[in-house]
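Subject: Structure handover

Hello,

Here is the structure for you to take over. My notes on what was found in it follow below.

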Amino acid sequence: MGFISLGCPKNLVDSEVMMGLLDRAGARLTSDVAQAEILVVNTCSFIDTAKQESVDTILEMARHKTSGSAKKLIVAGCLVERYRDEIMKSIPEVDAVIGTGELEAILAAAGLSSPTPSAAMSPFNILSGAQAAVTHPGKESQSGTHKHGEVLKGHGGVPFGPRAENATELTGALAPEGGLSVTTNFRPEGNLREQQGRFTREDWQGAAHMLPTYLYDETTPRFLTTPRSSAYIKIAEGCDHPCTFCVIPNLRGKFRSRRFESVVAEAQSLVARGVEEITLIGQDTTCYGEDLGLKDGLATLLDVLARIEGVRWLRFLYAYPNRITGKLLETIAKHDNICKYLDVPLQHASPAVLKTMKRGAGADIFLKTIEKVRAAVPGIALRTSFIVGFPGETVQDIEILEQFIQAAKFDWLGVFSYSDEEGSGAFSFNEKVPKRTIEARKRRLMKLQQSISKQAKQQWVGRELVVLAEGESEETPLLWEGRTQFHAPEIDGKVYINDFAELGPDVTTLEPGRFYRAEITEAHEYDVVARVLSGPL
Ligand code: SF4
């Protein structure tokens with residue numbers, strides 16, 4: 001089987017779950033699409049460009065079926081939630097579609113059956129065999145656009161390799177509860193939003209009526225595709241926020257958290273497999289546990305995970321601005337192994353735009369939050385992203401945003417062009433901003449950030465930091481690429497390593513996935529250069 005995963009890390013985890021299920025049922029996964037009898041495309045449909053990329057990839061895979069090299073084509077993911085019937089109707093090569101809430105249906109679609117659980121079968125079946133054979137997933141670049149893998153004409157795809165001979169099953173600390181979990185817990189806020197029509201798909205002809213409720217748990221097999229030392233854990237799914245530009249809640253359903261013990265058990269299992277960097281993800285990680293009745297759920301979870309021996313770097317992505325509590329910041333500051341890194345997509349800074357986006361707040365409030373964050377966690381790296389060209393956005397709104405970017409001095413910043421999505425609140429808004437204006441505004445903001453980033457990176461020169469060596473540079477084998485705790489996987493700038501002579505005359509290479517102490521020697525706009533001082537640590 002060949003597997004192509006598009007979109008964000010949350011979709012990547014879904015792909016890993018489907019591959020884990022397939023692997024456990026006896027399927028052989030290959031990274032060579034020409035060899036695969038069954039092809040699966042796990043799609044993204046967040047914005048226009050993502051949809052286009054998904055459709056292009058499906059059509060490209062359909063050619064393998066027409067040529068006879070593949071016998072089945074399965075389409076999974078967000079595009080299915082949105083255009084279920086249309087995909088089947090318009091692309092006759094597609095044999096089956098699987099929504100985001102139906103991951104286990106991949107087995108039936110592939111013609112496999114789920115193995116009967118036996119006493120010998122471990123509840124922890126986290127497989128890592130594909131790690132060596134997999135290219136990196138798509139990422140948000142500094143420009144806010146998606147940069148994608150190299151395979152399949154340079155767009156989108158992450159083809160997954162065969163399970164290595166030595167892939168093993170794990171036994172974790174908790175007793176299995178059996179099967180795949182379906183939660184029934186929702187936040188009162190989510191139920192209210194449902195009554196208000198937040199999750200409606202009425203405008204979406206051919207979409208399924210049922211919203212997804214699926215959540216994987218620690219008993220679900222996962223086939224890890226990230227580099228050996230790093231893994232994502234999805235701690236929650238869905239979103240209850242009313243942001244008017246966003247259709248993710250319509251695609252992914254109401255917010256629901258994984259059980260606390262399940263996340264801890266998965267983290268323990270990953271560490272037992274050699275993972276040292278854990279990145280917690282969800283549409284909104286800062287709401288974690290609210291549906292389970294937990295107060296300060298994310299802070300409590302981080303506090304427990306940070307105590308697991310072997311966790312070197314722990315971080316979470318996608319914070320909602322008004323949920324950055326004192327307790328959360330205290331927890332980040334308290335543990336050396338919680339990365340001093342906060343990703344908080346703010347979307348805009350003009351109060352008028354944020355109001356129509358149904359997010360509220362504005363530059364003044366955000367600056368106070370940033371001040372609080374920096375006071376509580378000195379040296380913390382801040383990442384954010386903005387949307388430009390939201391309906392009704394004026395020149396004054398952009399000036400407010402520019403002044404805010406100037407004042408806030410983010411370490412990492414992405415700018416996205418507004419994408420008009422059917423089913424979103426803003427789809428019916430008037431005063432749409434012309435595409436050319438949107439692109440000009442985006443360029444202006446990125447240019448501003450470029451100069452802020454360049455100045456900030458200069459301050460890094462001379463610092464000694466721990467760097468995770470990720471592999472030889474894609475640009476030249478003379479350089480290695482790595483990251484510090486201030487860089488999240490796949491999304492921020494890079495550390496280029498050009499010198500490791502200090503390790504001794506016999507050392508001719510670094511070990512990918514190992515941590516080294518290094519000194520920053522040069523700074524560029526987004527990237528820095530380092531020389532290794534000692535390691536691996
Ligand atoms: S917080 Fe807003 S932008 Fe983010 S997933 Fe939820 S609705 Fe979409």
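Predicted model: local features only at pLDDT ≥ 70, side-chain atom pairs only at ≥ 80, totals over all residues.

Along the chain, Gln458 and Ala523 are 65 residues apart, yet their C-alpha atoms are separated by 5.4 Å.

Two other residues were looked at in the same way. Thr49 sits in helix 2, residues 48-66. With 55% relative accessibility, Thr49 is classed as exposed. Its C-alpha atom is 8.6 Å from that of Ser419, a residue 370 positions away along the chain.

Arg256 is part of strand 11, which consists of residues 256-257. The relative accessible area of Arg256 is 1%, so this residue is buried. Between the C-alpha atoms of Arg256 and Gly190 there are 9.2 Å, with 66 residues separating the two along the chain.

Overall composition

The protein has 537 residues, of which 59% count as buried. Its secondary structure comprises 13 helices and 21 strands. Taking the contacts with a separation of 6 or more, 75% are accounted for by residues 24 or more positions apart.

Helix pairs

On the helix 7 side the contact involves Phe260, Val263, Val264 and Ala267, and on the helix 8 side Gly297, Thr300, Leu301, Val304 and Leu305. By class, the residues of this contact between helix 7 and helix 8 are seven nonpolar and two polar, with no charged residue.

The other pair is helix 11 (residues 363-376) and helix 12 (residues 395-408), which pack with their axes 11 Å apart at an angle of about 15°. That angle makes helix 11 roughly parallel to helix 12. Helix 11 and helix 12 also cross in a right-handed sense. Helix 11 contributes Ala363, Phe366, Leu367, Ile370 and Arg374 to the contact, while helix 12 contributes Ile400, Phe404, Ala407 and Ala408. In this contact of helix 11 with helix 12, eight residues are nonpolar, one is charged and none is polar.

Ligand surroundings

Which residues are around the ligand? They are Arg198, Cys239, His241, Cys243, Phe245, Cys246, Pro249, Tyr320 and Arg359. Sorted by class, the shell around the ligand holds six nonpolar residues, one polar residue and two charged residues.

In short, for your own checks: the ligand shell includes Cys239, Cys243 and Cys246, Arg256 is buried, and Thr49 is exposed.

Regards

Note on methods:
Residues numbered from 1 in each chain as written. Heavy atoms only, no water. Near = heavy atom within 4 Å. Nonpolar A, V, L, I, M, F, W, Y, C, P; charged D, E, K, R; others polar. Axes fitted to C-alpha atoms, helices over the stretch in contact; angles between N-to-C directions. Helix = DSSP H or I, 4+ residues; strand = E, 2+ residues; numbered from the N terminus. Parallel < 35°, antiparallel > 145°, perpendicular 65-115°, else oblique. Left-handed = near helix turned anticlockwise from the far one by under 90°. Contact = heavy atoms within 4.5 Å. Buried < 20%, exposed > 50% of the residue type's maximum accessible area, 1.4 Å probe, protein only.
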